[in-house]
Amino acid sequence: MTIPDNTSSLINDKKEVNMKESSSGVKSYPYDIIRQVGQGTFGKVYEAKNQDSKRVAIKKVEKSNHFISREYDILKVVNHPNCLRILDMFYTAEDNKKMQNLVFDFIPYTLAILLKKRHLTISFIKVLFYQLCQAIKHIHSKNICHRDITPNNILLNPKGELTLADFGSAKILDANHTSMSYICSRYYRAPELLVGCTNYSTKIDIWSIGCILAEMLIGKPLFPGTNSHDQLGRIIEVLGSPTKEDLEAMKPSKPYVLQLPNINPKLFDTLHNVTDKSVIDLLSKIFIFDPIKRASIDEILEHPFLEGVNLSTIELFDEMKCFTTNSSSTTNAASSSSKPSTSSSNTTASLNGSSSNKTTSESFLSRLHTSAITSTNNLKSLSNSSGGVITNPVTTN
Ligand SMILES: Nc1ncnc2c1ncn2[C@@H]1O[C@H](COP(=O)(O)OP(=O)(O)OP(=O)(O)O)[C@@H](O)[C@H]1O
């Protein structure tokens with residue numbers, strides 16, 4: 001299938017579009033769609049081929065007057081081997097809608113699928129995490145906050161080379177302007193976002209990569225909350241109760257009152273199967289309520305856990321072989337199904353296995369969000385926002 005060209009509605013405002021003209025004079029884009037590989041909240045991603053038969057990915061996002069996507073503008077600024085590279089952009093008209101088509105290198109696997117397929121060795125986790133940190137260092141050096149780092153947005157090639165994708169929620173943060181707190185997929189959402197902070201920093205990405213590091217270690221999400229309240233409850237269960245100072249540092253949208261018996265931290269219990277002491281130490285520097293005290297990307301890269309990581313050994317690991325030895329569901333095609341929604345209370349997590357394993361701690365947690373944590377009116381306002389007032393992270397501040 002060739003992407004149809006509707007010349008009359010073609011919007012060629014930002015970029016000269018590469019088009020080929022057939023003998024009949026009908027123009028078409030030089031990409032042949034092969035199949036759909038991803039379905040996000042705001043667009044679809046297709047595998048396609050360009051004129052040189054090179055595999056590319058095309059992400060189609062509706063361009064509407066109501067929603068302004070910063071994705072293309074951010075992608076033009078990002079330039080790093082571990083960040084998704086934009087190759088081309090053009091507009092099409094489909095069903096009377098203006099569609100922005102972003103063309104990328106095609107990268108066949110996601111960390112989400114790898115995690116479903118197999119356990120990762122600590123050495124391979126180091127190599128993946130190091131690459132993720134390099135991507136974050138690059139974007140944070142430009143003050144770009146990704147705001148939606150999840151295993152679905154971490155792409156992998158067959159060698160285990162990592163690419164951070166989906167800059168649809170990314171934003172260049174400006175301390176003088178507020179940003180929406182209802183951002184980032186729930187399991188990876190920093191506690192300051194959960195309490196409604198609108199003046200946050202790139203440290204929200206640090207929280208997300210900490211969640212991803214922990215997930216690579218234990219094979220399932222560390223904080224699989226079923227809604228925003230439960231998410232905060234699960235974090236408190238593992239980190240212990242935040243102090244009054246911690247709460248202030250998280251800059252909640254309204255004063256929070258924690259009506260809880262003091263909960264002691266149990267990060268070490270949760271990660272009891274993890275024998276590498278340095279990774280536990282690193283996580284304890286990431287999972288800190290106060291964003292200022294939370295490790296920066298430079299501190300993470302200097303941590304002993306990442307000492308001596310050697311990317312030239314990447315091909316020696318056999319983790320990526322799971323994609324080639326089993327022919328079924330080896331690519332991104334199924335990736336969207338395991339994604340926890342950005343929305344909260346009205347959406348139950350449909351997750352890879354972990355959330356269906358009921359544990360005693362979960363039954364405790366399920367009580368937490370109804371009676372133990374209350375923030376006068378604030379929790380109510382959070383659940384209202386999840387009920388659909390704010391639905392589009394690409395559109396908002
Ligand atoms: N360059 C690529 N190569 C191959 N597959 C890709 C590529 N980019 C994205 N995908 C696939 O498409 C999925 C959705 O992509 P992306 O996250 O960019 O879209 P989205 O509409 O912003 O989704 P979401 O609502 O999940 O944020 C990814 O999880 C991945 O499986």
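**Notes on strands and aromatic pairs**

1. Let's begin with the sheet: seven bridges hold strand E5 (residues 55–62) and E7 together in the antiparallel sense. Valine 56, for instance, has aspartate 105 in E7 as its bridge partner. Please keep in mind that this is a predicted model.

2. E7 also runs antiparallel to strand E6 (residues 86–94), and eight bridges join the two. Here aspartate 88 stands opposite valine 103 in E7. E6 and E7 make a hairpin with two residues between them, and aspartate 95 in the turn shows a positive phi of about 50°.

3. How enclosed is strand E7 (residues 97–105)? Seven of its nine residues are buried, so the rest of the structure largely encloses this strand.

4. Turning to the aromatic side chains, the whole structure contains seven aromatic pairs. In one of them, tyrosine 109 and phenylalanine 323 are stacked, at 3.8 Å centre to centre with 10° between the planes. Tyrosine 109 belongs to strand E8 (residues 109–110) and phenylalanine 323 to helix H11 (residues 322–325), so this pair ties together parts 214 residues apart in sequence. Tyrosine 109 and phenylalanine 323 are both buried.

5. Do have a look at tryptophan 207 and phenylalanine 223 too: their ring centres are 6.0 Å apart and their planes at 20°, so this pair is stacked. Tryptophan 207 sits in helix H5 (residues 203–218), while phenylalanine 223 is in the loop between H5 and helix H6 (228–239). Tryptophan 207 is buried at 0% relative accessibility, and phenylalanine 223 is buried at 1%. Together with Phe287, Trp207 and Phe223 form one aromatic cluster.

How values were computed:
Residues numbered from 1 in each chain as written. Predicted model: local features only at pLDDT ≥ 70, side-chain atom pairs only at ≥ 80, totals over all residues. Heavy atoms only, no water. Phe/Tyr/Trp six-rings, centres within 6.5 Å; stacked < 30°, edge-to-face > 60°. Helix = DSSP H or I, 4+ residues; strand = E, 2+ residues; numbered from the N terminus. Buried < 20%, exposed > 50% of the residue type's maximum accessible area, 1.4 Å probe, protein only. Pairing = 2+ DSSP bridges.
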